[in-house]
Amino acid sequence: ASYLGVDLSQEALDAFGGRLAGEPTRVSPELKRGDFLGLLRGGAAVLGAPSLVYSYSSLHYFSSAELAEIHRLVRELLRPRGPEGFFAFGIKGQGSVWDGQGLPLYRPDVWVNGDGQSRWFPAREALVRQLDRAGVEVRFHELHDHWGYSELGKRDVFHYVLCSPR
């Protein structure tokens, strides 16, 4: 019935809005510029009562401690829906092209890369432990190799996860 898209970049939001302009849609998305973690901290008062929270290729920019908070906040946001509320995300993982490059920020897995951005490249076990501690049930979790996503001819490993509040 509704869709709220969040991004820090107004340019990304404008590009998405432009792609939608020529497409027939059943839902007119609301696009909001802002910090995902900051908006999650506002909870239902800011974000309403979603049935799904979705993120692709952005959560690895948060430190492992921030991501633990994100998982907890999403669980709280979805808790009224119980097992019918879903958190779906894709995050780069251990073995990705930039894993281990740059300066270690939080050993062993958060790095500040040459582009000045920090990234967490979790191992499967580390991500599963973090989700368990946040009180979410993993319903689906697969790893996939993506070649050329970050650098031509190089491998990125993505976790694809679907979970819900316990």
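Some ground rules before the details. Residues are numbered from 1 along each chain as its sequence is written, and side-chain values use heavy atoms, with hydrogens and water left out. As the model is a prediction, local features need pLDDT of at least 70 and side-chain atom pairs count only at pLDDT 80 or more, while totals for chains, interfaces and linings use all residues.

I will start with strand β9, residues 155–165. Nine of the eleven residues in β9 are buried. Buried means under 20% relative accessible area, exposed means over 50%, and partly exposed is in between, with a 1.4 Å probe and protein chains only.

Which strands pair with β9? One is β4, residues 86–92, which runs antiparallel to β9 over six bridges. Another is β8, residues 136–147, also antiparallel, over eleven bridges. Two strands are said to pair if DSSP finds at least two bridges between them. To give you positions to look at, K92 has F158 of β9 as its bridge partner, and H141 has V161 of β9.

Next, the core. A nonpolar core is a set of buried Ala, Val, Leu, Ile, Met, Phe, Trp, Tyr and Cys residues joined through side-chain atoms within 4.5 Å. The largest one holds 24 residues, and L59, I70, F87 and F89 have the most contacts inside it. At least two residues come from each of α2 (36–41), α4, β4, α5 (124–134) and β9. Helix α4 gives the most, with six residues.

On to the aromatic rings. Rings of Phe, Tyr and Trp (its six-membered ring) pair if their centres lie within 6.5 Å; planes under 30 degrees apart are stacked, over 60 edge-to-face, and the rest tilted. That rule gives six aromatic pairs. In one of them, the rings of F87 and F89 have centres 4.8 Å apart and planes at 40°, so the pair is tilted. F87 is buried at 2% relative accessible area, and F89 is buried at 2% as well. Y149 and F158 make an edge-to-face pair, with 5.0 Å between centres and 75° between planes.

Together with L52, Y54 and Y56, Y149 makes a nonpolar surface patch of about 430 Å². Patches are made of residues with over 30% relative accessible area and no salt bridge, with like charges joined within 9 Å and nonpolar side chains (Val, Leu, Ile, Met, Phe, Trp, Tyr) within 5 Å. The areas come from the Shrake-Rupley method with a 1.4 Å probe, and for residues only the protein chains shown count as cover. L52 sits in strand β3, residues 52–56, and is partly exposed at 47%.

S57 is in the loop between β3 and α4 (64–78), and is buried at 13%.

Last, the charges. A salt bridge is a side-chain nitrogen of Lys or Arg within 4 Å of a carboxyl oxygen of Asp or Glu. How many salt bridges does a search of the whole structure find? The search finds seven. D132 forms one with R166, the closest N and O atoms being 3.1 Å apart. D132 lies in helix α5 and R166 in the segment after β9, so this pair ties together parts that are 34 residues apart in sequence. D145 and R155 form another, at 3.4 Å between the closest N and O atoms. Since D145 is in strand β8 and R155 in strand β9, that pair ties together parts ten residues apart in sequence. Both ends are partly exposed: D145 at 41% and R155 at 31%. E151 and K154 also form a salt bridge, with 3.6 Å between the closest N and O atoms. Finally, R75, E76 and R79 are linked in a network of salt bridges.

Key: Helix = DSSP H or I, 4+ residues; strand = E, 2+ residues; numbered from the N terminus.
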